[in-house]
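Dear colleague,

I am passing on the structure we spoke about, together with some notes on what turned up in it. Please keep it open beside this message while you read.

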Amino acid sequence: MSTPTSEHPADPGAEDIAPQSSAGLLAGPGEEPLPGRSSAVGRLAATVERLRGEVQAAHAAADGRALVELAKGILIERLGCGPAQAARQLGELADQAGLSQLELAADIINQSARDHVVGITGDFVRRTSGDDPYGGGAGPSVAVRLRTAESAALAAGDTQTVAGSLLEHALAPLGATAVAVWTVGSDASLTLCGHAGFSADEAGRWRYVPPGVATVARQALDERRTVRIPSLAEAGVPSIGHKQTPNGGRVALPAGTGGRIHGVLEICWPQQLPPQPPAIARQIEALAELCAHTLESLPATGMHLPSARELADVSELVDLSDGLYDPALVLTPHLGAEGHLSDFRIRHVNGNFVDPAGRPRSAVNGALLLEAYPMAADDSELFGKIERVYATGEPFRAQRMTLTALVDQVPLASVADLSISRHGGSVLLIWRIEDETARLASLLQHAQRLGRIGGFEENLVTGEITWNGQLFALYGRPATGEPVPLQDLTDHAHPDDAVTISRFLQAVLHHRRPASTAFRLMRPDGVTRHIRVIAEPVLDADDRLLAVRGAYQDISSQHWTEVALAATRDQLAHTEQESAERNRLALQLQHAIMPPARAPLDAPGLQIAVRYRPAETESLVGGDWYDAVVLPSKRILLCVGDIAGHGIDAATGMVVLRNAMRGLAVTGAGPGQLLSWLNIVAHHLTGQVTATAVCGLFDPETRVLRWARAGHLPPVLVREREATTLPLPRGLLLGALAEAEYEEAELQLEPHDTLLMYTDGLIERRDTAVHESLTQLLVTAQAPAQTLERRLDRLLTHSSSDTDDDTCLIGIEVS
């Protein structure tokens, strides 16, 4: 911070540096400045730099003089002396204390004020002994910084100047490089009203943030607390300047007074933010409090904040509430002794308001909300919602919210639709109590429509019959038609149901007991519907039958569903029997070709072991296959493949491809050519099955493995306790195209090397990517094993696959 004292010059060396840096504006790299014009530009730039430095020094001197003059005023009041004597006294005291006059002035102001800054300064000095807690070295005390920032902010004419003062005097010594001051709109939007350290273009892009957009400042506003983000990149929350300092830290604090948040103070650091000492956190909170008072009293850029008098004027809101048809309350904040929001005053209740406790409106009007309705603190946090709306300006809407009123110490609950909104400095609370009778009637009507139910009542004394609208629709009659009496029910039913209806009528009309039956209704439009009728008698005090009440329900869908289910059940039983037979045949075929256990293959210079684990569920019999055979050329054929699909088709496709590979291998062709021929077999001779495969030919004399793949997972090489996957040559899966070429690769194996070939049933998981499963396989494979057989058994034991698929595994170990 620059001060007007001689020990701290405002801009040292500005005149020496500026001409030298600007003289070369018209010269390129390595060139001499152009004569004449370049020197003139340099002199002009130097002049601009000098004037800028003088302006900055003047601002700093003005800020410092404001504190010194305030301290002089305190001495005049305390000592009863004149201005000149107070100035001499301040100078003498500063010399005796070994402090500058500015630092002594800050101490005098602190002792006199006893405000929030005093506590922060004392705690800061005790913890840091005047040093920067972030390692910035010695500098002006926190008291001087805060008092200077306060003085500059109070003297500022707009929030833009306030932001610059906060950054220069108080935040830059803490390592901050930028600051943004946001104002909160009535719709909870954010407007950038002041900034420092950001470019004009960046500030223009962030001048307005609509409601609901998640930013650092929005998080502080919504949570109504200090939000500390060590790194923007790790948090993934955008904000102003995030492209300039993507790994920088942020601190955002709501700036409010009396329970209302006027804005948000956001501070930017260029690097990751370390944990902040409590003294620094309280210092930043003091700046937010200063910012709040500034926002309350100063107009923001392009905005106008209402004054305290305007906030207190609720006459327009009262007129608005009186024009509503729903009950409404106009609330204003009630502050406690320390200036914090403690309750809301009920300033007005409209004419439609009815107190749940039965009190007159005059008894409620003017009372505190929690005093009049103490249960508001527990009504699904109703008071907290009102407090949040007042603080942030974001309206709240809710349907069917439970409200509770305390009547003679007994809570009475009701359901209401709620609306809370802020207007200036007041809150409008509107609710609509739900009519329980109307709601139940609506629910009943809705249930009757969904269940295709029609109700009726037949007065047997007067003969009057009452049907609801749904019953006319069931009968296919117009709403103006005549209802059908119960005695005439057989005339509208299928003839085969006459006996059933007769028993139903006898039970209701003669035996006078509730009964129900199902029949087929023959409608006038020729449509037959299956109907269930339920009725109960209504008796008088002398046990005489007066009326019958009941309901008809259309059960046609249920009837036809039962018929369809019966037919489907029979068909399903037949299909299950066929499916079980097919699975049994596929499993037998699979085990005949590849038994789950097999003796080790005897090959010169090579140990070969194979494992086959069938699917746990017989219905998932697949087409996984393997082969390991010594060819007439003494080379060893190693193959693993996987047919797409399950069942008998996959099993038969596996047999075809496995036998075809064996037959093609005796030609002496390489693995690439073998897969190319096998692709033709898969595409043309097997009903176009698709499959993946890996094929290798090992020469025992040279220990060279030539191999190729068709869309299969890479083999794994274990060498000296390190497992790696082999680089993948190009190769399309089998059967996809009529013709395909396959690239070959060679691998020089060394003694004690182990090579693993496998199908995806060994590693595949539904919730894990393939590369993650491969990484887990490599960790298991590189563990030491006494024999090749035990290594394969360990791989199967530690397999994390959860697809219940077949698994084929071939392991070879060079002797």
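Helix H9 covers residues 216-223, and its buried residues are Val-216, Ala-217, Arg-218, Ala-220 and Leu-221; here buried means under 20% relative accessible area, exposed means over 50%, and partly exposed lies in between, for a 1.4 Å probe and protein chains only. Helices (H or I, at least four residues) and strands (E, at least two) are DSSP runs numbered from the N terminus. Arg-224, which follows H9, has a positive phi near 55°.

Please bear in mind that this is a predicted model, in which local features need pLDDT of at least 70 and side-chain atom pairs count only at pLDDT 80 or more, while totals for chains, interfaces and linings use all residues. Residues are numbered from 1 along each chain as its sequence is written, and side-chain values use heavy atoms, with hydrogens and water left out.

For the chain as a whole, there are 24 helices and 27 strands, and buried residues make up 44% of the 815 residues. Of the contacts (heavy atoms within 4.5 Å) between residues at least 6 apart in sequence, 59% join residues at least 24 apart.

Two other residues also have a positive phi without being glycine. Arg-512, with phi near 55°, sits in the loop between helix H19 (498-510) and strand S14 (515-522), and it counts as partly exposed because its relative accessibility is 36%. Arg-721, with phi of about 65°, lies in the loop between strands S23 (716-719) and S24 (722-725), and its relative accessibility of 63% makes it exposed. As background, most residues other than glycine have a negative phi.

Asn-350 is placed in the loop between strand S8 (341-349) and helix H14 (361-364), and it counts as buried because its relative accessibility is 1%. A polar atom of the Asn-350 side chain lies 3.0 Å from the backbone oxygen of Ser-321, and the side chain also reaches the backbone nitrogen of Ala-328 at 3.1 Å. Not counting residues up to four places away in sequence, Asn-350 touches Ser-321, Asp-322, Leu-324, Asp-326, Pro-327, Ala-328 and Arg-361.

Arg-529, in strand S15 (residues 528-539), is partly exposed, with a relative accessible area of 22%. Its side chain is joined to that of Asp-554 by a polar contact of 2.9 Å, a polar contact being a pair of N or O atoms within 3.5 Å, where within protein one must be able to donate a hydrogen and the other to accept it, and residues adjacent in sequence count only if both atoms are side-chain atoms.

The largest nonpolar core has 29 residues, and those with the most contacts inside it are Leu-637, Leu-657, Met-661, Leu-675 and Leu-734; such a core is a set of buried Ala, Val, Leu, Ile, Met, Phe, Trp, Tyr and Cys residues joined through side-chain atoms within 4.5 Å. Helix H21 (648-665) is among the elements that give two or more residues to this core, and H21 gives the most, with eight. Apart from this core lies another, of 27 residues, among them Val-349, Phe-353, Val-389 and Leu-418.

Of the 24 residues that line it, the closest to its centre are Pro-254, Gly-256, Thr-257, Gly-259 and His-340. A pocket is, on a 1 Å grid over the protein atoms alone, an open set of points with protein on both sides within 12 Å along at least five of seven lines, whereas a cavity is a set where a 1.4 Å probe fits but cannot get out, and lining residues have an atom within 4 Å of a point. Grid points are joined across faces, edges and corners, and a volume is the space filled by probe spheres set on the points.

The whole structure has two cavities of 30 Å³ or more, and the largest cavity has a volume of about 80 Å³. Helix H23 (residues 770-781) gives the most to the lining of the largest cavity, with four residues.

With best wishes
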